[in-house]
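Open the model in a viewer and keep the sequence panel beside it.

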Amino acid sequence: MRKFFLLLTFLSLSIFSSAQTENIEATIRALEQTERKAVIAHDTVTLLQLWAPDFTVNSPMNQIAKGGRNTLDRPVMQIEYSTFERQTELVMVKNDIVISMGSEVVVLKGSEGAAGSPIKRRYTNIWQKQGADWKLIARHASIICNTP
């Protein structure tokens with residue numbers, strides 16, 4: 001009988017843990033889209049809520065942008081996108097750290113360089129639970145070859 005109760009307790013904890021992980025994954029997937037929309041709209045209020053003060057980015061422009069005096073003083077805030085689509089392919093929950101990975105397609109506004117042409121990227125975002133909120137603490141994005 002004791003083994004039965006131990007097994008029941010273990011199964012209950014496993015189910016609870018799985019449900020909690022699924023809830024965190026759904027939250028992060030939603031935050032990924034909120035952050036994407038805020039970047040395209042230059043919604044600084046939302047970005048300041050989502051980005052940690054020390055948010056660090058290894059950008060597709062081969063630069064590392066560190067958080068510091070002004071979180072919004074970053075290259076991404078100088079870029080204007082006409083479209084920005086993100087496909088989150090994987091969300092890995094590791095206690096208070098979540099790693100999300102996927103692909104993005106952006107189209108820059110303007111008339112210089114790659115403006116008007118789709119740019120395909122792979123990305124990794126790292127989120128951390130800080131207090132009651134999930135904050136984006138680090139990001140890496142790389143442009144991938146656009147093969148015909």
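A salt bridge here is a side-chain nitrogen of Lys or Arg within 4 Å of a carboxyl oxygen of Asp or Glu. The model is predicted.

**Stop 1: arginine 86 and glutamate 104**

Select arginine 86 and glutamate 104 and show their side chains. They form a salt bridge, with N and O 2.8 Å apart. Arginine 86 sits in strand β3 and glutamate 104 in strand β4, 18 residues apart, so the pair links distant parts of the chain. Are these two residues buried or exposed? The cut-off for buried is under 20% relative accessible area. Arginine 86 has 7% and therefore counts as buried, and glutamate 104 is buried because its value is 2%. The bridge belongs to one network, in which salt bridges with shared partners join Glu32, Glu35, Arg86, Glu104, Arg121 and Arg139.

Keep arginine 86 selected and display its surroundings. Which residues does arginine 86 touch, leaving aside those up to four places away in sequence? They are Glu32, Gln33, Glu35, Arg36, Ser103, Glu104, Tyr123, Asn125 and Arg139. With one of them, glutamate 35, arginine 86 makes a side-chain to side-chain polar contact of 2.9 Å.

**Stop 2: the sheet**

Switch to a cartoon view. The protein has three helices and six strands, and from the N terminus the elements follow the order α-α-β-β-α-β-β-β-β. The six strands make an open sheet with mixed pairing, ordered β2-β1-β6-β5-β4-β3. Its edges are β2 (64-65) and β3, each of which pairs on one side only.

Next select residues 97-108 and 118-130, which are strands β4 and β5. These two run antiparallel and are joined by 11 bridges.

Tryptophan 127 can be found opposite leucine 136 of β6. Between β5 and β6 lie two residues, and the two strands form a hairpin. Select glycine 131 in that turn: its phi is positive, about 65°.

**Stop 3: other salt bridges**

The salt bridges in the model number eight.

Select glutamate 25 and arginine 29. Their closest N and O atoms are 3.1 Å apart, in a salt bridge. Both residues belong to helix α1 (residues 2-41), and the four residues of separation amount to about one turn of the helix. Glutamate 25 is partly exposed, at 25% relative accessibility. Arginine 29 is also partly exposed, with 29%.

Now select lysine 109 and glutamate 80, whose side chains meet in a salt bridge with an N to O distance of 3.9 Å. This pair connects distant parts of the chain: lysine 109 is in the loop between β4 and β5, glutamate 80 is in the loop between α3 (75-78) and β3, and 29 residues separate them. What is the relative accessibility of lysine 109? It is 49%, so lysine 109 counts as partly exposed. Glutamate 80, with a relative accessible area of 45%, is partly exposed too.

**Stop 4: a surface patch**

Methionine 92 counts as partly exposed because its relative accessibility is 31%, whereas arginine 86 is buried.

**Stop 5: the whole chain**

Finish with everything displayed. Of the 148 residues in the protein, 31% are buried. The protein exposes about 9,300 Å², and 57% of that comes from carbon and sulfur atoms. Among contacts with a separation of 6 or more, 50% are between residues 24 or more positions apart.

Terms used. Residues are numbered from 1 along each chain as its sequence is written. This is a predicted model: local features need pLDDT of at least 70, side-chain atom pairs count only at pLDDT 80 or more; totals for chains, interfaces and linings use all residues. Side-chain values use heavy atoms; hydrogens and water are left out. Buried means under 20% relative accessible area, exposed over 50%, partly exposed in between (1.4 Å probe, protein chains only). Contact means heavy atoms within 4.5 Å. Accessible areas come from the Shrake-Rupley method with a 1.4 Å probe; for residues, only the protein chains shown count as cover. Two strands pair if DSSP finds at least two bridges between them. A polar contact is a pair of N or O atoms within 3.5 Å; within protein, one must be able to donate a hydrogen and the other to accept it, and residues adjacent in sequence count only if both atoms are side-chain atoms.
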